[in-house]
Amino acid sequence: MKEIGVYIHIPFCIRKCNYCDFCSFAGRENDFFSYTEELCRRIELFASQTQKRRAETVYFGGGTPTLLPIECFAMLFDAIKTHFELDGSAEITVECNPATVDGEYLRSLRVLGVNRLSIGAQSANENELELLGRLHSFEDLCISFDCARRARFDNISVDLMYGIPEQTIESFSNTLEKTLSLEPDHISAYGLKIEDGTRFGAMRDTLVLPDEDEEFEMYTLCRKMLEAHGYERYEISNFSKIGKESRHNLRYWELEDYIGFGVAAHSCVDGVRFGNSRDIAAFLRGEDITEEKNAISDRERAYESVMLGLRLQKGIPLERYCAYAKEEGKALELVQRLVDAGYLLHDDGRISFSDSGFFVSNAVLRELLK
């Protein structure tokens, strides 16, 4: 039986954060059950069109999935268990906002089969949380985290941000120290990107942001502090205790199959990539919102195997890059130049990013893939 990762997009929020350009909608509580019912219908439809698959991972992302009533999650689990092979070894993750859960809710998720939480913290500093437009305090995070442990969650990830307006090296260090005191199993640390169409995008010219050198110092501080506490960086922005890597996200980076349900969800199944539009009204009407459907060529797959593989700490075999580049002599010359510049490491037939290379990975990848 073929394995697959299942992604379910829950696009509801209490309000949009100031930096958020994800597909999410505030004030649509009346759509919770109708959206869930349509998700279940589309899960059944997919299953009717393909051979039954084993769901190796299930990931509920958003938006804020924990806005959904537990009854909606129960409906979704019934659909998944009916139409996919799902056993106790599957990793089942729910993204969680500390402002939206309590002990009873988390215990109910655990009973349904959720075994991993990804909690959006972003910062431990109240002024930064307010600037980001977050609805929770760090104390709310601590309470939610304790409730999750009491609910027997032994795989909890915490999301953090650096490069936040008015953030300093000292305030980010404080966020790291307070987060580490909770002893999460996994930490993701993302650099803030100012996107058009967001509140921050409209405020771009007035925001007081750390400069690039300060952001690099924050990233370096993060790596050093987390590694000193037993976390291994396995991907550009992700650190985990041994065995606690996000198996679902690894499916993306290792070019394994995944199917996405819901608005703005993307999929890659049997060599075909497709995505859904953000048109929630059409989705609720039962219309097909598939877009961008195309078969992945050998050349595209080679490109992605380099681009995504290099995101990982372990990097890729040098021969994989040479095969993509086709002209081996020029490829080796470029790799050596990037090694000499301190952006790549070359060891035992593999290439990977150095610390400074990880920080400017997009620029290095452009150079390698052009």
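**Questions on the predicted model**

Biologist: Is Asn276 buried or exposed?

Modeller: This is a predicted model, so the answer is a computed one. Buried means under 20% relative accessible area. Asn276 falls under that cut-off and is buried, with a relative accessible area of 13%.

Biologist: Which residues does Asn276 touch, not counting those up to four places away in sequence?

Modeller: Asn276 is placed in strand S13, residues 272-276. Its C-alpha atom is separated by 6.2 Å from that of His266, ten residues apart along the chain. Leaving out residues up to four places away in sequence, Asn276 touches Gly260, Gly262, Val263, Ala264, Ala265, Ile289, Thr290 and Glu291.

Biologist: Ala264 is in that list. What is the phi of Ala264?

Modeller: Ala264 sits in the loop between strand S11 (258-261) and strand S12 (266-269). Most residues other than glycine have a negative phi. Ala264 is not a glycine, yet its phi is positive, at about 65 degrees.

Biologist: Where is Asp348, and is it buried or exposed?

Modeller: Asp348 is in the loop between strand S16 (344-347) and strand S17 (350-353). Asp348 also has a positive phi, about 50 degrees, although it is not a glycine. Exposed means over 50% relative accessible area. At 74% relative accessibility, Asp348 counts as exposed.

Biologist: Which residues does a cis peptide bond join, and what is omega there?

Modeller: Most peptide bonds are trans. The cis bond joins Gly62 and Gly63, with omega about 15 degrees.

Biologist: How far is Cys142 from Gly62 in space?

Modeller: Cys142 lies in helix H5, residues 138-150. Cys142 is partly exposed, with a relative accessible area of 26%. In sequence, Cys142 and Gly62 are 80 residues apart, and their C-alpha to C-alpha distance is 21 Å.

Biologist: How many aromatic pairs does the structure hold, and what kind is the pair of Tyr7 and Tyr59?

Modeller: The structure holds 18 aromatic pairs. In the pair of Tyr7 and Tyr59, the centres are 6.1 Å apart and the planes are at 20 degrees. Planes under 30 degrees apart count as stacked, and the pair of Tyr7 and Tyr59 is stacked.

Biologist: Which parts of the chain does the pair of Tyr7 and Tyr59 tie together?

Modeller: Tyr7 is buried at 13% relative accessible area, and Tyr59 is buried at 7%. Tyr7 lies in strand S1 (residues 3-10) and Tyr59 in strand S4 (residues 54-62), so the pair ties together parts that are 52 residues apart in sequence.

Biologist: What kind of pair do the rings of Phe12 and Tyr35 form?

Modeller: The ring centres of Phe12 and Tyr35 are 5.2 Å apart and their planes are at 80 degrees, so the pair is edge-to-face. The pair links distant parts of the chain, 23 residues apart: Phe12 is in strand S2 (residues 12-13) and Tyr35 in helix H1 (residues 32-48). Phe12 and Tyr35 are both buried. The kind of pair asked for is edge-to-face.

Biologist: Which residues do ring pairs link into a cluster?

Modeller: A pair of aromatic rings is described by the distance of the centres and the angle of the planes. Ring pairs link a cluster made of Tyr162, Phe172, Phe216, Tyr219 and Phe359.

Biologist: Which residues does Glu245 touch, again not counting those up to four places away in sequence?

Modeller: Glu245 is in the loop between strand S10 (238-240) and helix H9 (247-253), and counts as partly exposed at 24% relative accessibility. With residues up to four places away in sequence left out, Glu245 touches Glu91, His186, Tyr234, Ser240 and Leu250.

Biologist: What is the radius of gyration of the protein chain?

Modeller: The protein chain has 15 helices and 17 strands, and 54% of its 370 residues count as buried. With 370 residues, a compact globule would have a radius of gyration near 21 Å. The protein chain agrees with that, at 21 Å.

Technical notes. Residues numbered from 1 in each chain as written. Predicted model: local features only at pLDDT ≥ 70, side-chain atom pairs only at ≥ 80, totals over all residues. Heavy atoms only, no water. Helix = DSSP H or I, 4+ residues; strand = E, 2+ residues; numbered from the N terminus. Rg over C-alpha atoms; globule rule 2.2 N^0.38 Å. Buried < 20%, exposed > 50% of the residue type's maximum accessible area, 1.4 Å probe, protein only. Phe/Tyr/Trp six-rings, centres within 6.5 Å; stacked < 30°, edge-to-face > 60°. Contact = heavy atoms within 4.5 Å.
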